[in-house]
Amino acid sequence: LGPSLLGKLMPGTFQYLFHSTDGTALMILSQIGLILLMFQIGLEFDFHHLSRPENKRTVVAVSWVGIALPFVLGLGLGYVARPVLAPDIHSIGFYLFMAVALSITAIPILGRIMIDYDLNRTRLGAITITAAAFDDVTGWVLLAVVSALTAAKFSGTAFAQQIALLLVYVAVSWWVVRPLLLKIIDRFQARGDGLSHGLMALILALIFVSGLITYKLGVFAIFGGFVLGVLLHDHAKFVAAWRERVVPVVTVFFLPIFFTFTGLRTNVGSLDSPALWFWCAMVIVAATAGKFIGCTGAARVCGLPWADSVCIGIMMNTRALMELVVVNVGFEMGVIPQSVFTMLVLMAIFSTVVTAPTLRYYLKRMGHIIPHRHD
């Protein structure tokens, strides 16, 4: 809650804890933790369900409709709200950033929730995380396009090259890097240690190299960690060793830093009137309803049962840090004001917080057994 709570109740303590020194180290540690988390999420998923044609069709439909409907609602809301909330800001930039902000789905938190509720190796989980991954890539492309338009430096050729290079990287990773990496891991593990220091060093280096590559290709660095995790997801011995040796460090040390850094960027004090809170509620409703109705409807049209479709709609509403990245870009470029920035952050928090309890309710209705630690 950062400046929104501790900063108000104990401003001196807040300043001493978080602003008495340079915050760069906290930012770097949070990003390292996020990349490692994405690698673990990639490790934990089984995508063999997607070989069935009906699953592929569902993934594409859920992803595209889950982007398109919130995007349209964001454009409409931006058009209506701009005269009140952002009269001095360029109209097209404001509309487009509102549209992109409402369209985002966050893979890291979604993946964490799905692992906690034992959905990661189910057909429902595979469809949802893959649709969210497509959403994530689409969202970053949209963000790049909107940012370029705002800066008046749009180049269609450059964006086509960006996507082409990303596809080449994924293809090379799967058909060239993956076979070599599996052989190397087998050679290390043939010596009797599931995750030796040498193997751990190699994997960590590759995780960050993959993150650097995707970052240079114009996609967020965490996508590189996810790609590398997917390459190794079916190596059961390695996954078990990584889960035992590394996952506790990421969960206990890095994740709290990641959430602390996120909280420090949130301040609800700028919403100081009933009218602003009304517009905040409108943003939350438009974002939540657009993503839920779009994804649920697409899944149902593709033949999934209502219960499964509703679960997909619930999970695809998770936004978290991905949303914060988008709104910070918009804020720094001057196309969204402070009040709208806060509204979008609150929307991200709301849509993320309500996901787990709502999903829990529907999973129980479906007869899905939830792990005992959550009872």
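Let us start with Ser173, which sits in helix α8, residues 156-189. Helices here are DSSP runs of H or I with at least four residues, strands are runs of E with at least two, and both are numbered from the N terminus. Ser173 counts as buried because its relative accessibility is 4%. Buried stands for under 20% relative accessible area, exposed for over 50%, and partly exposed for the range in between, with a 1.4 Å probe and protein chains only. Leaving out residues up to four places away in sequence, Ser173 touches Arg178, Val227 and Leu231. A contact of this kind means heavy atoms within 4.5 Å.

Before going on, a word on the model. It is a predicted one, in which local features need pLDDT of at least 70 and side-chain atom pairs count only at pLDDT 80 or more, while totals for chains, interfaces and linings use all residues. Residues are numbered from 1 along each chain as its sequence is written, and side-chain values use heavy atoms, with hydrogens and water left out.

**The chain as a whole**

The secondary structure comes to 17 helices and 0 strands. Of the 375 residues in the chain, 53% count as buried. Among the contacts with a separation of 6 or more, 81% are between residues 24 or more positions apart. The accessible surface is about 16,900 Å², and carbon and sulfur atoms hold 70% of that surface. Such areas come from the Shrake-Rupley method with a 1.4 Å probe, and for residues only the protein chains shown count as cover.

**The nonpolar core**

Which residues touch the most other members of the largest nonpolar core? Among its 109 residues, they are Phe39, Ile203, Leu232, Phe238, Trp242, Ile312 and Leu344. Helix α13 gives the most to this core, with 10 residues. A nonpolar core is a set of buried Ala, Val, Leu, Ile, Met, Phe, Trp, Tyr and Cys residues joined through side-chain atoms within 4.5 Å.

Two of these residues can be followed further. Setting aside neighbours within four places in sequence, Leu232 is in contact with Phe39, Leu43, Arg178, Leu181, Leu182, Ile185, Ile203, Phe238 and Val239. Leu344 lies in helix α16, residues 338-353, and is buried, because its relative accessible area is 1%. Beyond residues up to four places away in sequence, Leu344 touches Met98, Ala101, Leu102, Val283, Glu323, Val327 and Ile336.

Helix α13 (residues 274-301) packs with helix α14 (residues 306-315) at an angle of about 145°, and their axes are 8 Å apart. The axes are lines fitted to C-alpha atoms, for helices over the stretch in contact, and angles run from 0 to 180 degrees between N-to-C directions. From α13 come Phe292, Cys295, Thr296, Ala299 and Arg300, which meet Trp306, Ser309, Val310, Ile312, Gly313 and Ile314 in α14. The residues of this contact divide into 7 nonpolar, 3 polar and 1 charged. Here Ala, Val, Leu, Ile, Met, Phe, Trp, Tyr, Cys and Pro count as nonpolar, Asp, Glu, Lys and Arg as charged, and the others, Gly among them, as polar.

Gly66 belongs to helix α4, residues 53-85. Is Gly66 buried or exposed? Gly66 is buried, because its relative accessible area is 0%. Apart from residues up to four places away in sequence, Gly66 touches Ala61, Ser103, Asp135, Lys291 and Cys295. Cys295 is also one of the α13 residues that meet α14.

Ile222 is found in helix α10, residues 222-231, and is buried, because its relative accessible area is 2%. Thr260 is in helix α12, residues 247-264, and counts as partly exposed because its relative accessibility is 33%.

The table lists C-alpha separations for residue pairs.

| Pair | Apart in sequence | C-alpha to C-alpha |
|---|---|---|
| Leu344 and Leu324 | 20 residues | 8.0 Å |
| Gly66 and Thr105 | 39 residues | 8.9 Å |
| Ile222 and Ser210 | 12 residues | 8.8 Å |
| Thr260 and Phe18 | 242 residues | 9.9 Å |

Asp118 is partly exposed, because its relative accessible area is 42%.
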